[in-house]
Amino acid sequence: MNPLVLFSIIFGLILIAGIRIVFEYKRALKFRFGKYIKTLQPGFRWIIPIVETIQIVDIRVITINVVSQEVMTEDNVPCSIDGVVFFRVRDPERAVLEVEEYSFAITQLSQAALRDVCGKVELDTILSKREEMGKNIKTIVEQETKEWGIEIIDVKIKDIQLPENMRRMMANQAEAERSRRARIILALAEEQAAGKLLEAGKLIDQSPSAIKLRLYQTLSNIAAEKNSTILFPFPEEVLPQKTQKSSKKKRG
């Protein structure tokens with residue numbers, strides 16, 4: 001074989017072997033004989049085969065699940081809490097050179113921070129202030145990862161598992177609270193109704209015609225079903241005539 005042809009083939013293979021494509025959402029760290037050289041930007045790139053290598057880093061938002069952690073709250077209630085961490089690699093160079101497997105490191109930090117934060121508060125605080133708990137965990141993780149070129153975007157508490165007996169106690173407490181509120185509302189309604197009835201009674205008592213109209217309205221309501229007979233045990237004239245009597249006394 002012609003040496004020139006052989007050289008051309010080898011040279012072509014070397015060119016092809018060194019071709020790398022870096023996607024827009026990734027960065028490539030180039031190493032030459034194990035020493036960091038530079039960070040390759042997205043696009044068509046070429047490296048020297050065998051001599052140079054690259055390590056790809058994803059710069060998109062990454063989601064990591066924080067596995068369920070057994071936590072003893074400040075009021076001695078055992079519970080299992082899990083969450084999720086959102087982060088982004090801001091500095092690919094530091095993320096690769098400063099820490100080994102940054103995703104695993106962030107996971108371990110998040111688990112430790114979750115146990116630490118939730119173990120210092122009572123169960124009611126965890127249940128009612130999940131956002132605040134997530135922010136506290138985020139602050140702790142940020143302090144540890146800021147030297148790694150990592151940006152912690154958010155930390156959320158997903159689920160809180162309680163013992164079965166604690167669930168029953170909380171259900172009983174909620175039921176008792178609803179019953180208490182219902183009784184208070186009913187008592188306030190009775191109080192308001194009594195006041196309105198008192199005002200209505202005073203108004204009706206001032207006019208004999210109003211008493212008659214109220215009587216006729218009551219009889220009409222009773223006879224609405226047309227299945228009853230109404231008897232008057234006394235004539236209508238014996239009903240109270242307060243206004244007429246008082247007016248006669250004033251004339252006399």
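This is a predicted model: local features need pLDDT of at least 70, side-chain atom pairs count only at pLDDT 80 or more; totals for chains, interfaces and linings use all residues.
Strand β2 spans residues 26-32. The strand is mostly covered, with 5 of its 7 residues buried. Strands of a sheet pair through backbone hydrogen bonds, and the pairing may be parallel or antiparallel. β2 pairs with strand β5, residues 52-58, in the antiparallel sense. This pairing comprises 7 bridges. Within it, F31 has T53 of β5 as its bridge partner.

β2 also pairs with strand β3, residues 35-40. These two strands run antiparallel and are joined by 5 bridges. Here A28 stands opposite L40 in β3. β2 and β3 form a hairpin with 2 residues between the strands. In this hairpin, F33 adopts a positive phi near 55°.

A further sheet is built from 3 strands. The sheet is open, and its strand order is β6-β7-β8. Pairing in the sheet is antiparallel. β6 (62-72) and β8 (150-161) each have a single partner strand, so one side of each lacks a neighbour in the sheet. These two strands therefore stand at the edges. From one strand to the next, the twist averages 25°. Strand β7, residues 78-89, is joined to β8 by 10 bridges in the antiparallel sense. Across this pairing, V85 stands opposite V155 in β8.

Helix α3, residues 102-118, lies across β6, β7 and β8. The helix runs at about 35° to β6. α3 also packs with helix α5, residues 130-145. The angle between these helices is about 135°, and their axes are 9 Å apart. Angles over 145 degrees would count as roughly antiparallel, and 65 to 115 as roughly perpendicular. α3 and α5 are therefore oblique to each other. The crossing of α3 past α5 is right-handed.

Residues from both helices make up the contact. On the α3 side these are I106, L109, S110, A113, L114, D116 and V117. They meet M133, N136, I137, I140, V141, E144 and T145 in α5. By class, the contact has 9 nonpolar, 3 polar and 2 charged residues.

Conventions: Residues are numbered from 1 along each chain as its sequence is written. Side-chain values use heavy atoms; hydrogens and water are left out. Buried means under 20% relative accessible area, exposed over 50%, partly exposed in between (1.4 Å probe, protein chains only). Helices (H or I, at least four residues) and strands (E, at least two) are DSSP runs, numbered from the N terminus. Two strands pair if DSSP finds at least two bridges between them. Axes are lines fitted to C-alpha atoms, for helices over the stretch in contact, and angles run from 0 to 180 degrees between N-to-C directions. Contact means heavy atoms within 4.5 Å. Angles under 35 degrees count as roughly parallel, over 145 as roughly antiparallel, 65 to 115 as roughly perpendicular and the rest as oblique. A crossing is left-handed if the near helix is turned anticlockwise from the far one by less than a right angle, and right-handed if clockwise. Ala, Val, Leu, Ile, Met, Phe, Trp, Tyr, Cys and Pro count as nonpolar, Asp, Glu, Lys and Arg as charged, and the others, Gly among them, as polar.
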